[in-house]
Amino acid sequence: RAFMGDLNLVTLIVIGINVLISMKGFNDYSFFEKYKFNTGAVRRGEQIRILSSGFLHVSTAHLFFNMFTLYFFAYIVVEKLGNLNFVIVYLGSLILGNLLSYYFHKDHYHYSAVGASGAVSGILYSAILLEPNLRFYFGIPGYIFGVGYLLYSIYGMRANNDNIGHDAHFGGAVGGYVITLLMAPILFQINTLIVGLLAIPIIVLFVLNKTGKI
């Protein structure tokens, strides 16, 4: 299948919520500060931030990039799993992405992050699992892009030299992977090789973490 998008009602609602909450955050500093992901605040009991931060963005460019990516992949997940399961994958990936961020930054009290990247990564990974023949720019197969994306995220987590929440990207992708396989276990039979390939970066991260390399 070619790399293309299709806008349905549930995708439109999710994009609309992201736009409205992000715009509020752009114009209201105290609102942004109250609902962004922050390790210290979460440790103090403000768990709502694990969810709310996924609907805030730092700029219109950040918001546009995430929503543009979501637009391209959401239709596959909606088409294959249905509206409700699409929302479950989206929110589950968002939360798992931020929980992984929390795990890696639990001692960094000032660590903050915002953005739908974890949720979008989960939808991206779900779409690749459901449609392995998906083609990206220049004809790159979806599963190759998915593995490369996660390996790059691991590199970003190790280098820690930019302001991108690579751990949330990674956690979100793992969320999309696990939730989709729970919803459609038939994928283990029909797309066995793809399921195995997409697991490689997850195993690499686990090993790096266990050996203290990350």
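## Surface and overall build

The accessible surface of the protein is about 10600 Å², and carbon and sulfur atoms hold 67% of it (Shrake-Rupley method, 1.4 Å probe; for residues, only the protein chains shown count as cover). This is a predicted model, where local features need pLDDT of at least 70 and side-chain atom pairs count only at pLDDT 80 or more, while totals for chains, interfaces and linings use all residues. Residues are numbered from 1 along each chain as its sequence is written, and side-chain values use heavy atoms, leaving out hydrogens and water.

Eleven helices and two strands make up the protein's elements (DSSP runs numbered from the N terminus: H or I of at least four residues for helices, E of at least two for strands). With a radius of gyration of 17 Å, close to the 17 Å of the globule rule for 214 residues, the protein is as compact as a globular protein of that length (taken over C-alpha atoms; the rule is 2.2 Å times the number of residues to the power 0.38).

## The nonpolar core

Let's look inside. Among the 51 residues of the largest nonpolar core, Leu70, Phe73, Phe86, Tyr90, Ile123, Tyr177 and Leu198 touch the most other members (a core joins buried Ala, Val, Leu, Ile, Met, Phe, Trp, Tyr and Cys residues through side-chain atoms within 4.5 Å; buried is under 20% relative accessible area, exposed over 50%, partly exposed in between, with a 1.4 Å probe and protein chains only). Helix α5 supplies the largest share of this core, eleven residues.

Leu96 belongs to helix α6 and counts as partly exposed because its relative accessibility is 38%.
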